[in-house]
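Please open the model in your viewer and keep the selection tool at hand, as each stop below names what to pick.

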Amino acid sequence: MRIQVGTAAALLGLLVAACGNRSESGNGGDDASVVGLMNERGLSEQDVIAALKTYTPTGKHDEYYCFASGGHGGNLIVIGVPSMRILKYVGVFTTEPWQGFGYDDATIELLGSVKDGENRFTWADMHHPALSETNGSYDGKYIFVNDKANPRIGVVDLSDFVTKQIVGTELIQSEHGACFVTPNTDYVIETSQYPAPLGGAYAPIEEYNDKYRGAMIFWRFDRERGRIDTAASFAIELPPYMQDLADCGKKVSDGWVFCNSINTERAYGGTLEGKPPLESGSSQNDMDYLHCINWRKAEAVAKAGKTETIAGMRTISLKTAIAENLLAFVPEPKSPHGNDVTPDGTGIVVGGKLDTHTTVYDTQKIAAQIEAKQFVGEDPYGVPILDFQKSIKGQCKIGLGPLHTVFDDKGFAYTSVFIETVVAKWSLADLKVVEKIDTHYNIGHLVAAEGDTVDPDGKYLIAMNKWSLDRFAPVGPLLPQNFQLVDIGGSSMNLLYDMPLPLGEPHNAQIIKADKLKPIETFKPSGMEPILGKVDPHAVADGQQRIERQADGVHVYMTAIRSHFKPDIIRVKEGDMVHLHITSVEQATDATHGFAMGGQDVNVSLEPGKHCNISFKAHRAGVFPFYCTEFCSALHLEMAGYMLVEPR
Ligand code: CUK
Ligand code: CUA
């Protein structure tokens, strides 16, 4: 239950009245009255109300989950709202040792699924998580995340909070406009950022205009399998502008995707070669281009086979996209960044980083003009351009440096204003600012409860600030990020809580109602391999424990149960390949084990019912103890064994 402001203030009044006469001592210590504590800690009434709105007593669950990107930490962060307690880190693109993520055969393969020659990526730059949607509402089934640096998409299943798949393509060499899903999650969209020759080839940078390109990828999501179907996915070639954020149309604009761009100047730097730096070269034009793509048309064109395959990706060429009238541009004010479709789908809000306005485009006017081919020009690649004034609903004078916009349930939009460092609340009906609230510093994205669906909840908003200057006890030059929870449930915005987030810059997040998620408590049936999504062929039942020498090495079929591994002695020869197949045959929810072996970099987590396969070479003779890493019982320390590697 959520306490309303009025109730909280009244309650506080009662407490203050009841305790008032005991609050005179002033020297804190053992004066535990509310007023005594307020005096002692220097808290205002506002502070106490904020505390009452966020404090969540032991055993009480949060009303919402927030899923935040871990930025260049490469993992996903799960936070309870309004308590702002961190609930979990989910390993996606980087190893997460406590989950054994990146240490067993399945997750090692997952993390290595895109290879750059010999190099396996060990990090990622995650920006925009996207929850799966049904009819434009979050359905709580999956969350998709991107890697800006090594263009990839991760698929996390919210039934067990495990990353199931990572897909990537060498069609593009970097990305940013990802992930955004179509209203029924038919496609997960990933758009390139820094142009390069499609497919990963070399071309001199002087041939930028001719040889360098962008692309938008439509990853087909197979909901039944819970995996992206790479063979059914396709891409559209785009001019070598720096495509930025994208968003999918919804309701009246379902079938469209909108993506903005910067650097229509096609500058590419050259600071030591007599050219202006990229930042000034790319900021010459007054307008850049909002890309409007009819994805249903594009899907039909791809299905009709009007594509060429580049780096394994079926790609609709720019020429075909223009000929099929599925791509058009609308000018957008200088250096746009955020691009957010309104809940009713009639508008797109674009924030210009160097502008003082947000521009609200009219999706229906755009679609009608494209259908009627009412173009006013074309870009150097022949992409048709619509008239700016005929494509907008209007502009809202918002302040300097608007970035991203989210929505509530009462017709208001909330825009992060970077340079002014505020959240601006404004009315979508008359495009007027109604209120601003100061944020701490360098606000980037902001996220509201279900705030980019067709039916936002209002209630809470989180301002995601970069760098927590002066805000927390100092911890050296590299600062945590600062999430600020804001109450947007009442008539005015109130800051409730500052939360340091000691991880990579969490660009964006999603907030979903907690009761939409129904995670499992154990893996059933026993022997489940979470990435495979079914009982592993090597799963071990009680009574089947054994050690077998096969052509490819020694196979150990092991079970884990409170408080022993069986077998607990493994005998191999120096140089043998060892294949451990370990099944937790537990089904109790409080019985997670781990399996760790020193000297071999072996470490997995064995939640109840889970199966893991681990392969490694016994590279030197010696004695290698193994043990359980979770304090699972009174005899946990005894849950151990030996691998004996005999010299050859
Ligand atoms: S971006 Cu980081 S603040 Cu990657 Cu969405 Cu705008
Ligand atoms: Cu099993 Cu400790």
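This is a predicted model: local features need pLDDT of at least 70, side-chain atom pairs count only at pLDDT 80 or more; totals for chains, interfaces and linings use all residues.

Residues are numbered from 1 along each chain as its sequence is written, and side-chain values use heavy atoms, with hydrogens and water left out.

Begin by selecting Met216, Phe218, Ile236, Val257 and Leu327, which have the most contacts inside the largest nonpolar core, a set of 29 residues. Such a core consists of buried Ala, Val, Leu, Ile, Met, Phe, Trp, Tyr and Cys residues joined through side-chain atoms within 4.5 Å, where buried means under 20% relative accessible area with a 1.4 Å probe, protein chains only. Next, colour helix H7, residues 295-303, which gives the most to this core, with 4 residues; helices are DSSP runs of H or I, at least four residues long, and strands are runs of E, at least two.

For a second, separate core, of 26 residues, select Ile570, Ile582, Phe595 and Phe624, which are among its members.

Move on to Gln484, which is found in strand S32, residues 481-487, and counts as buried because its relative accessibility is 2%. Show Asn465 as well, since the side chains of Gln484 and Asn465 are joined by a polar contact of 3.1 Å (a pair of N or O atoms within 3.5 Å, one able to donate a hydrogen and the other to accept it).

Finish at ligand 1, whose surrounding residues include His127, His128, Leu245 and Lys466, each with a heavy atom within 4 Å of the ligand.

Methods: Chains are lettered from A and ligands numbered from 1 in the order in which they are written. Buried means under 20% relative accessible area, exposed over 50%, partly exposed in between (1.4 Å probe, protein chains only).
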